[in-house]
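Notebook open. I want to look up the pocket first, then the salt bridges.

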Amino acid sequence: IGFLWYNAFPAEVFMGDTGSMAIGGALAGFAIMTGTEALLLLGDTFVEEAPTLSTNLLNETYGAAINAFVRITNNFPTHPLALLAIGRIGDCHFNLAAQYPERYASAAENYQKVAESAAGVATRSLAKVGLGRVLEAQARTNKLASEQAPRLEAAVDHYRDVVYGKNLRAGEPPDAFVVKEAGLLAARVLENQHRWEEATKL
């Protein structure tokens, strides 16, 4: 609270990595005391902070986020937020994979768990989109055309499953936001491959 006073416009003090990590530690203590929702908030705080940090701190910050999400899956495995936490773990691995490509496999594993789970439609649909993004990224890192094409086709299949509701269960309405995102991602891949007719049908 004292910091916020001095950080009000015009700011006299700016918080650096040390201060932000201290706040993260305080949130960690709060999360341990209050449970699942706070742990999810803690993990999301680290995830949101990561893009503002230097590259050498990304592994530590996303690692802290993964630890928070894993505490949910380990301590509250039947809680409705546990499957959401698994998806968040996948996101963390995906974001780290630009530096550590082996993390793509971990991201895909977590997304697959969510996509095949009893999670809500939005969470499952986001996991399908995540699987598509992993396959796209893996295709970009593979210079062999014979390896790229199957991965890109598989990515489009995951996106189409969301667009056309193939991942929906009986009586489930689609999540409009995720459907739009999946459609845009699929169209981008198809356009890059000059598959114009297929892209315009999405």
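The model is predicted, so I kept the record's rules: local features need pLDDT of at least 70, side-chain atom pairs count only at pLDDT 80 or more, and totals for chains, interfaces and linings use all residues. Numbering runs from 1 along each chain as its sequence is written, and side-chain values use heavy atoms, with hydrogens and water left out.

My pocket is an open set of points on a 1 Å grid over the protein atoms alone, where a 1.4 Å probe fits, with protein on both sides within 12 Å along at least five of seven lines; lining residues have an atom within 4 Å of a point.

I count 13 lining residues, with Gly87, Asp91, Tyr111, Leu126 and Ala127 nearest the centre. Helix 7 gives the largest share, six residues (helices are DSSP runs of H or I, at least four residues, numbered from the N terminus).

Next, salt bridges (a side-chain nitrogen of Lys or Arg within 4 Å of a carboxyl oxygen of Asp or Glu): I find nine. Glu153 pairs with Arg195 at 2.9 Å between the closest N and O atoms. Glu153 sits in helix 8 and Arg195 in the loop between helix 9 and helix 10, so this pair ties together parts 42 residues apart in sequence.

Last, Glu136 bridges to Arg140 at 3.9 Å. Glu136 is buried at 7% relative accessible area, while Arg140 is exposed at 59% (buried is under 20%, exposed over 50%, partly exposed in between, 1.4 Å probe, protein chains only).

Conventions:
Helix = DSSP H or I, 4+ residues; strand = E, 2+ residues; numbered from the N terminus.
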